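Biologist: Hey, could you walk me through this one? I'd like to go from the helices and the sheet to the aromatic rings.

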Amino acid sequence: MTSTSVKPNMLPPGLVSNLQDVLSKRGGGDQPTRPSTSQPEEDSVDSSKPIVLVTNGDGIDSPGLTFLVEALVRQGLYNVHVCAPQSDKSVSGHSVTLLETVSVSSADINGATAYEVAGTPVDCVSLALSGALFSWSKPLLVISGINRGSNCGHHMLYSGVVAGAREALISGVPSLSISLNWRKDESQENDFKDAVAVCLPLINAAIRDIEKGDFPKSCFLNIEIPSSPLSNKGFKITKQSTWRSIPSWQAISANRYPPGHFMNNQQSLGIQLAQLGRDASAAGAARRVTTQKKNVEIESTGAAGKSDFERVKKYFRLEFVDKEQDNVDDDLDFRAVKSGFVSVTPLSLSPHLESDTQTAASNWISSALQEQ
């Protein structure tokens, strides 16, 4: 399987387009090339095979998605389509991109029809199911994953990979979200391949029973795989816990980030270009996310009305710190994963899972696993 190629242009397409427009108006140069409005090439679909859509939160180049798609294609049972973020959107929650043009590029993944999207996982699923991108509008199953890092408990609220599966359920399509409990300095990339081997039987069972009409219709399943996938103690039906890591905001010295130097090259270059051309900034060439509290600006570049010298700038970095949980209920998701089980949690669109939905999902999971 060939992963998507590395793109030489690291600037967002919208930024490039706006800068070209501003520069052409200033210098009288050629008008910028307008983006094509033509529809993507229609993908070929074998009507005898069910369509499976794969997305994720970590981005289209992530090993979790790569190994999963590779395994699905290798089975030769499904039409595998991929619509995934072009970059890491793992903590984007259920956010969507409004009032902005979202660029979509074809991606080279052997055996699958694939596109990368300059948006969130929810954007990807919503676009894929709209009928505007693919020649179909409703796959048999949406799989979101495999994510790097656990999404138990309240982490589901932050999670892009869980949101991708939730968006599918909102659209009436059965879905699964899958995450690997990645351990820093312990886990290895091949653990994703092992995670695929663990969850593939459940995926196949889901597709089989969706076709038969036996899969639960009012929920999706969140699957959490322990750090050592092949050493797992089996699947366990679990409930969503209230577990979460503790957010920790750290003040960062301005000396560590002098003007023109930021966290990555793309951000740095984008901000420098925006500062060179305020007109380009006004046209939307640089996206600014400004969070204000008591009139202290956390992050701002080229804002109208005040020069940078008159503004107070502070820099902060958010990290999540794990904390020990005192809840001893073994049926909770995080507790099962910590004990070495593969946690399977039914999730509905309601804040509280109805008892009949929980029962139906539990019965299906038990039946599916017994047939493996």
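Biologist: Which strands does helix α5 lie across?

Modeller: Helix α5 (residues 160-170) lies across β5, β6, β7 and β13, running at about 175° to β6. Helices (H or I, at least four residues) and strands (E, at least two) are DSSP runs, numbered from the N terminus. Contact means heavy atoms within 4.5 Å. Axes are lines fitted to C-alpha atoms, for helices over the stretch in contact, and angles run from 0 to 180 degrees between N-to-C directions. This is a predicted model, where local features need pLDDT of at least 70 and side-chain atom pairs count only at pLDDT 80 or more, while totals for chains, interfaces and linings use all residues. Residues are numbered from 1 along each chain as its sequence is written, and side-chain values use heavy atoms, with hydrogens and water left out.

Biologist: And what does helix α10 lie across?

Modeller: Helix α10 (residues 355-370) lies across β7, β8 and β13, at about 165° to β8.

Biologist: OK, the sheet. What's the strand order?

Modeller: It's an open sheet of nine strands, β3-β4-β2-β1-β5-β6-β7-β13-β8, with mixed pairing. Two strands pair if DSSP finds at least two bridges between them.

Biologist: Which strands stand at the edges?

Modeller: β3 (104-107) and β8 (235-237); each has a single partner strand, so one side of each has no neighbour in the sheet. From one strand to the next, the twist averages 20°.

Biologist: How many bridges join β7 to β13?

Modeller: Five, and the two strands run antiparallel. Glu224 stands opposite Ser343 in β13.

Biologist: Switching to rings: how many aromatic pairs are there?

Modeller: Four in the whole structure. Rings of Phe, Tyr and Trp (its six-membered ring) pair if their centres lie within 6.5 Å; planes under 30 degrees apart count as stacked, over 60 as edge-to-face and the rest as tilted. One of the pairs is Tyr115 with Phe134, centres 5.6 Å apart and planes at 65°, so it's edge-to-face.

Biologist: Are those two buried or exposed?

Modeller: Tyr115 and Phe134 are both buried. Buried means under 20% relative accessible area, exposed over 50%, partly exposed in between (1.4 Å probe, protein chains only).

Biologist: How do Trp182 and Phe192 pair up?

Modeller: They're stacked, 5.4 Å centre to centre with 20° between the planes. Trp182 is partly exposed because its relative accessibility is 22%, while Phe192, at 1%, counts as buried.

Biologist: What lies over the face of Trp182?

Modeller: Arg148, at 4.1 Å from the ring centre. A charge sits over a ring if NZ of Lys or CZ of Arg is within 6 Å of the ring centre and within 35 degrees of the ring normal.
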